Amino acid sequence: MSARVRPVAVLLGLVLLETLIKLWAAAHLTPGSDRVLLPGVLHLGFTLNPGMAWGLLGGLSAPLAALRLLVGLGLLWALLTHRLQPAQRWPLVLVAAGALGNAVDGLTRGAVVDYLTSPLLDTVSMLLSRQAFPIFNVSDVLVSGGVLWLLVSSRRSPPQAAVDTAGGTRRQETP
C-alpha cells in the first residue's frame, strides 16, 4: 500500500472498527452496566449521548452530527489532496476518524453511543471538578489523542522555512 493511500485506509479502518464496536455495545450493554476490562482503569458501560461530554449541548444532536461530519470530511479531503504537512498527517487521521465515528452515530441514531468508563479518570476528575469523568468511546479517544499529538509535536517542531510571497525569498518563521 502506498504512503499516500495508507492514511486514508487507516482512517476508514478506524471508522469501521468504531462502528462495529458501537453496534456490539448497543446490542450487548445496557444503561447502568459496569463490566470491568482493566480493574480500576477501564470499564464498559453504556449510554446514548445526544450532546457532548458532561451533557453539554444535549439539545443539539443534529447540528453536532453535521459539524462532526464536516470536520471529518474536511480532513479526509485534506488527506486525499495532500494538503497536510507530514507531521500533521497521522494526528489528523485520528481526529478525522473520531469525528466521523461520532458523526455516523449522530446521523443514524440521533445520539452517540458511549461505552467506556474509567474509575481512574473519575478520581482525577472528581478532584479537579467534583464531577465524574463522562462516559466516552474510542472516537473520543481518537480525537483527544490526535489533538494531543498535534500539540506535543508543534512544541517540538523547529520553525519551518516559508516563501516570502513579495520577493520569493525564503525566511524563517518564528513560533
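Predicted model: local features only at pLDDT ≥ 70, side-chain atom pairs only at ≥ 80, totals over all residues.
Biologist: What makes Phe 133 and Phe 136 a pair, and why is the pair called edge-to-face?

Modeller: Take the distance, then the angle. Ring centres must lie within 6.5 Å, and those of Phe 133 and Phe 136 are 5.8 Å apart, so the two rings pair. Planes over 60 degrees apart count as edge-to-face, and the planes here stand at 85°, so that is the label.

Biologist: Why does Phe 136 count as buried?

Modeller: Buried means under 20% relative accessible area. Phe 136 has 11%, so Phe 136 counts as buried.

Biologist: What about Pro 134? Where is Pro 134 placed, and why is Pro 134 called buried?

Modeller: Pro 134 sits in the loop between helix H4 (119-129) and helix H5 (138-156). Its relative accessibility is 15%, so Pro 134 counts as buried, given the cut-off of under 20%. Also, Pro 134 is 16 residues from Ser 118 in sequence, with 8.7 Å between their C-alpha atoms.

Biologist: On to the strands. How do you know that S1 and S2 pair?

Modeller: At least two bridges are needed. S1 (residues 35-38) and S2 (residues 42-49) have three bridges, in the antiparallel sense, and that meets the cut-off. Arg 35 stands opposite Leu 44 in S2. The hairpin has three residues between its strands, and Gly 40 takes a positive phi near 75° there.

Biologist: Last, the helices. How do the axes of H2 and H3 cross?

Modeller: The axes of H2 (residues 61-80) and H3 (residues 86-109) come within 8 Å and cross at roughly 145°. The crossing is left-handed. By class, their contact has 14 nonpolar, four polar and two charged residues. Among the residues that meet are Leu 69 and Leu 73 in H2, and Leu 92 and Ala 96 in H3.

Key. Residues numbered from 1 in each chain as written. Heavy atoms only, no water. Phe/Tyr/Trp six-rings, centres within 6.5 Å; stacked < 30°, edge-to-face > 60°. Buried < 20%, exposed > 50% of the residue type's maximum accessible area, 1.4 Å probe, protein only. Helix = DSSP H or I, 4+ residues; strand = E, 2+ residues; numbered from the N terminus. Axes fitted to C-alpha atoms, helices over the stretch in contact; angles between N-to-C directions. Left-handed = near helix turned anticlockwise from the far one by under 90°. Contact = heavy atoms within 4.5 Å. Nonpolar A, V, L, I, M, F, W, Y, C, P; charged D, E, K, R; others polar.
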